Amino acid sequence: MMSSPRNEAARFPKLAGLIATGWGAAVFGAGPAGPQAAVSGTLPIEVSTTAAIMETLPQAEGGETRRFVPATDIVEGQVVYYTLAVRNPGSQPAHDVVVTKPVPANTRYIPGSAVAPNATVTFSIDGGVTFAPARNLVAPDEPGSAGPVPPERYTHIRWRMRYPLAPGAVAYARFRAVFR
């Protein structure tokens, strides 16, 4: 469940420019998380979110190198990689940790991209009121409709940790979305 915070910070740097869209740090328990972030658990939990894009650089030998760079300039159709760092700043294990994030405005969630080790991932299509696994989502305005709900209808993603988060530990959750 844990990754090295130093390695993750190097791959997904924090982006101050995204704070205006609600994707900056949110601290539960030390201040209001606001409508853009919701965190629950037995102790205060800190959540910060970073956004990056994949940059491809040509190499002199004819190959190419890929790297993550801050998502400061995004164009339509580009994939944005979001990483949530969930930290327990306390001295006791945090039980029943749940992190909920809205799908960012002007993006479409990429199916199957929401992951976190040892966490259950569910989605909402009603503004974060109800959550279910993607395969169980049912659009209320389409009774009896067969097939999955399209990802452009997803409004929120929720990660529910299966195990307590140790004191000082950081767990990572990720998802991707296409900018539109």
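**Close-up views of a predicted model**

A search of the whole structure, a predicted model, finds four salt bridges.

**View A. R67 pairs with E55 in a salt bridge.** The closest N and O atoms are 2.6 Å apart. R67 sits in strand β4 (residues 64-70) and E55 in strand β3 (residues 46-58). Twelve residues separate the two, and the pair links distant parts of the chain. R67 is partly exposed, at 43% relative accessible area. E55 is also partly exposed, at 25%.

**View B. R66 and E64 meet through their side chains in a salt bridge.** The N to O distance is 4.0 Å. R66 is exposed, with a relative accessible area of 57%.

**View C. A salt bridge joins the side chains of R108 and E152.** The N to O distance is 4.0 Å. R108 belongs to strand β7 (residues 107-109), while E152 lies in the loop between β8 (119-124) and β9, so the pair ties together parts 44 residues apart in sequence. R108 is partly exposed at 27% relative accessibility. E152 is partly exposed at 41%.

**View D. The largest cavity has a volume of about 70 Å³.** The count of cavities of 30 Å³ or more comes to one. Eleven residues line the largest cavity; V86, A116, W159, M161 and A173 lie nearest its centre. The lining is eleven nonpolar residues, with no polar and no charged ones. β9 (156-161) and β10 (170-179) each supply at least two lining residues. The largest share, three residues, comes from β10.

**View E. Mean pLDDT of the protein chain is 79.** Of its residues, 74% reach 70 or more. Over residues 1-36 the pLDDT is below 50. Where pLDDT is low, predicted coordinates should not be read in detail.

Terms used. Residues are numbered from 1 along each chain as its sequence is written. This is a predicted model: local features need pLDDT of at least 70, side-chain atom pairs count only at pLDDT 80 or more; totals for chains, interfaces and linings use all residues. Side-chain values use heavy atoms; hydrogens and water are left out. pLDDT is the predictor's confidence in each residue, from 0 to 100. Contact means heavy atoms within 4.5 Å. On a 1 Å grid over the protein atoms alone, a cavity is a set of points where a 1.4 Å probe fits but cannot get out, and a pocket is an open set with protein on both sides within 12 Å along at least five of seven lines; lining residues have an atom within 4 Å of a point. Grid points are joined across faces, edges and corners, and a volume is the space filled by probe spheres set on the points. Helices (H or I, at least four residues) and strands (E, at least two) are DSSP runs, numbered from the N terminus. Ala, Val, Leu, Ile, Met, Phe, Trp, Tyr, Cys and Pro count as nonpolar, Asp, Glu, Lys and Arg as charged, and the others, Gly among them, as polar. Buried means under 20% relative accessible area, exposed over 50%, partly exposed in between (1.4 Å probe, protein chains only).
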